[in-house]
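Please read it with the structure open.

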Amino acid sequence: MTGQGARTVRDGSEPEPGPLDFWSFIDLANQRLSTEYGSSHQLATQVLLTLNRAANVVTYDLESSVHRPRGLSWSAFRLLFVTWLAGPVESKTAASLTGMSRAAVSNLTKSLVAAGLLDRTPDERDGRSVQLSLTDKGRAEMADTYREHNEREYAWASVLTEAEQHVLVMLLDKLITNRSQFDVRGRN
């Protein structure tokens, strides 16, 4: 049965039957990975599952409450945001700054140009490259969208004290900047 299984209690007591939620799944996963599969790095699993979950929950909320009602996807917002702040920007730079592939940026650019939010012009120095910049309509849309987006960001972040927010940023930065210790695969 989907969603059914042993629910564990956060204090480490014995599992009880019932539906799983995210935290009881983490507890169950740690218990089973340790006892049945010999995993010795349960905390690492918990850290990365929680990090991924938090990123997905926040991203979905921002997209569904702010961006979709304005006709934008999360990816479209990211590309417009980067272009708004760093533009005009080369397409490959936009891909790097957004964490998207060049192909994704290229495909997304087409729809944003058609919507009148983005301009795509050949790079004067390198004819193979293109420069992305916001149109007047795109700049106005980003200014309005970002105000709403930032209020939602503030609502999320305000559950942490300012000091906790700084610590979280520091820890995430440490996690990302120390990835050179092993063979990380990714776009950037």
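**Notes on the predicted model**

1. Asp-61 touches Val-66, Arg-152 and Trp-156, with residues up to four places away in sequence left out. Contact here means heavy atoms within 4.5 Å. Asp-61 sits in helix H2, residues 42-67. Helices (H or I, at least four residues) and strands (E, at least two) are DSSP runs, numbered from the N terminus.

2. This is a predicted model: local features need pLDDT of at least 70, side-chain atom pairs count only at pLDDT 80 or more, and totals for chains, interfaces and linings use all residues. Residues are numbered from 1 along each chain as its sequence is written, and side-chain values use heavy atoms, with hydrogens and water left out.

3. Is Asp-61 buried or exposed? Asp-61 counts as buried, at 14% relative accessibility. The cut-offs are under 20% relative accessible area for buried, over 50% for exposed and partly exposed in between, with a 1.4 Å probe and protein chains only. The side chain of Asp-61 makes a polar contact with the side chain of Trp-156, at 2.8 Å. A polar contact is a pair of N or O atoms within 3.5 Å; within protein, one must be able to donate a hydrogen and the other to accept it, and residues adjacent in sequence count only if both atoms are side-chain atoms. The C-alpha atoms of Asp-61 and Trp-156 are separated by 9.8 Å, and the two residues are 95 apart along the chain.

4. His-149 belongs to helix H6, residues 136-157. His-149 is buried, at 3% relative accessibility. Which side chain does the side chain of His-149 meet in a polar contact? That of His-67, at 2.9 Å. Beyond four places in sequence, His-149 touches Leu-62, Val-66, His-67, Trp-74 and Phe-77.

5. Trp-74 and Phe-77 also belong to an aromatic cluster, together with Phe-81, Trp-84 and Tyr-146. The whole structure holds six aromatic pairs. Rings of Phe, Tyr and Trp (its six-membered ring) pair if their centres lie within 6.5 Å.

6. Helix H5 covers residues 102-114 and has 13 residues. From first C-alpha to last, H5 reaches 19 Å, close to the 18 Å expected at 1.5 Å a residue; the expected span is 1.5 Å times one less than the number of residues. The buried residues of H5 are Val-105, Leu-108, Thr-109 and Leu-112. Seen down the axis, they fall within an arc of 115°, so they line one face of the helix. The arc is that of the directions from the helix axis to the C-beta atoms. An α-helix has 3.6 residues a turn, so residues three or four places apart point the same way.

7. What covers the buried residues of H5? The cover includes helix H3 (74-86), helix H4 (91-98), strand E4 (118-122) and strand E5 (130-134). Exposed Ala-103, Lys-110 and Ala-114 are on the face of H5 turned away from its buried side. Gly-116 follows H5, with a positive phi near 80°.

8. Pro-88 lies in the loop between H3 and strand E3 (89-90). Pro-88 is exposed, at 56% relative accessible area. Even so, Pro-88 is in contact with Gln-131, Leu-132 and Ser-133, its neighbours within four places in sequence aside.

9. Overall, the protein chain has seven helices and five strands. Their order from the N terminus is β-β-α-α-α-β-α-α-β-β-α-α. Of its 188 residues, 25% count as buried.

How values were computed
Phe/Tyr/Trp six-rings, centres within 6.5 Å; stacked < 30°, edge-to-face > 60°.
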